[in-house]
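Work through the exercises below with the sequence and the model at hand. Each task is followed by a solution in steps.

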Amino acid sequence: MICRSRIDSRSRQTGAALLTAMIIVALVATLAGSMVWQQWRAIQVEAAERARTQSAWILSGALDWARLILREDANNDARHPPPRDHLGEPWAVPLAEARLSTFLAADKDNTDDAPEAFLSGAISDAMARYNLINLLDATGGIDKVELATLERLCTTVGVSADVATRIANLDHRVVVDKPKPDPKGRCVQ
């Protein structure tokens with residue numbers, strides 16, 4: 001019986017040692033996995049921050065380009081009065097789509113792992129749009145010169161000229177029939 005209890009004691013110790021070793025291995029694997037995940041996360045955060053910074057610099061460069069083009073147009077208009085804008089000027093030429101990864105890559109031949117980023121843009125003339133408020137004169141009546149301009153514009157785009165008259169009448173009604181505030185700030189009809 002003495003031999004049997006020594007054997008049971010040794011097998012119990014061996015089982016406990018094996019269980020302890022397995023727990024330690026699981027703990028080390030968990031800690032190692034956690035460290036690898038934290039390192040991967042830090043790399044992802046760094047890459048996102050780098051991409052954000054590069055995007056901000058690219059946007060800043062594009063805005064500087066637009067300012068330069070518009071400043072040169074203003075200088076040219078000042079040198080050659082009267083100022084006239086037309087679609088043959090440099091500001092009217094759109095910036096064709098350019099792949100930015102070819103500019104950002106350190107090795108110009110190896111752009112396969114670079115992000116797919118493109119830059120394109122155009123400057124449009126907001127003054128070229130027709131303002132419907134121009135149809136009304138200072139008294140709220142319909143301005144005949146502006147009505148003729150709108151009729152020409154409608155005809156140019158292939159719309160019936162009487163559409164201009166309907167727009168002008170609607171514009172006039174909106175201004176004339178607009179509720180006016182009374183002295184106490186309430187709207188009255």
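**Exercise 1. State whether V159 is buried, partly exposed or exposed, and name the nonpolar patch that holds V159.**

Step 1. V159 has a relative accessible area of 36%. Buried means under 20% relative accessible area, exposed over 50%, and partly exposed in between (1.4 Å probe, protein chains only). V159 is therefore partly exposed.

Step 2. V159 sits in the loop between α3 (144–156) and α4. Helices (H or I, at least four residues) and strands (E, at least two) are DSSP runs, numbered from the N terminus.

Step 3. Together with L153 and V157, V159 forms a nonpolar patch on the surface, with about 240 Å² of accessible area in total. Patches are made of residues with over 30% relative accessible area and no salt bridge; like charges are joined within 9 Å, nonpolar side chains (Val, Leu, Ile, Met, Phe, Trp, Tyr) within 5 Å. Areas come from the Shrake-Rupley method with a 1.4 Å probe; for residues, only the protein chains shown count as cover.

A note on the model: it is predicted, so local features need pLDDT of at least 70 and side-chain atom pairs count only at pLDDT 80 or more, while totals for chains, interfaces and linings use all residues. Residues are numbered from 1 along each chain as its sequence is written, and side-chain values use heavy atoms, with hydrogens and water left out.

**Exercise 2. Find the salt bridges and place each in its helix.**

Step 1. A salt bridge is a side-chain nitrogen of Lys or Arg within 4 Å of a carboxyl oxygen of Asp or Glu. The structure holds three.

Step 2. E49 pairs with R52 at 2.7 Å, N to O. Both lie in helix α1 (residues 2–79), three residues apart, about one turn of the helix. E49 is partly exposed because its relative accessibility is 37%.

Step 3. R67 and D64 form a salt bridge at 2.9 Å, N to O. They are three residues apart in helix α1, so about one helical turn separates them. R67 is partly exposed at 46%, and D64 is partly exposed at 42%.

Step 4. R166 and D162 form a salt bridge at 4.0 Å, N to O. They are four residues apart in helix α4 (residues 162–176), which again is about one helical turn. R166 is exposed at 52%, whereas D162 is partly exposed at 40%.

**Exercise 3. Which residues of α3 are buried, and how are they arranged around the axis?**

Step 1. α3 has 13 residues and reaches 18 Å from its first C-alpha to its last, close to the 18 Å expected at 1.5 Å a residue. The expected span is 1.5 Å times one less than the number of residues.

Step 2. L147, L150 and C154 are buried in α3. Seen down the axis, the buried residues fall within an arc of 65°, so they line one face of the helix. The arc is that of the directions from the helix axis to the C-beta atoms.

Step 3. V145, R152, T155 and T156 are exposed on the other side of α3.

**Exercise 4. Locate the cis peptide bond.**

Step 1. The bond from P81 to P82 is cis, with omega near -5°.

Step 2. P82 belongs to the loop between α1 and β1 (95–99).
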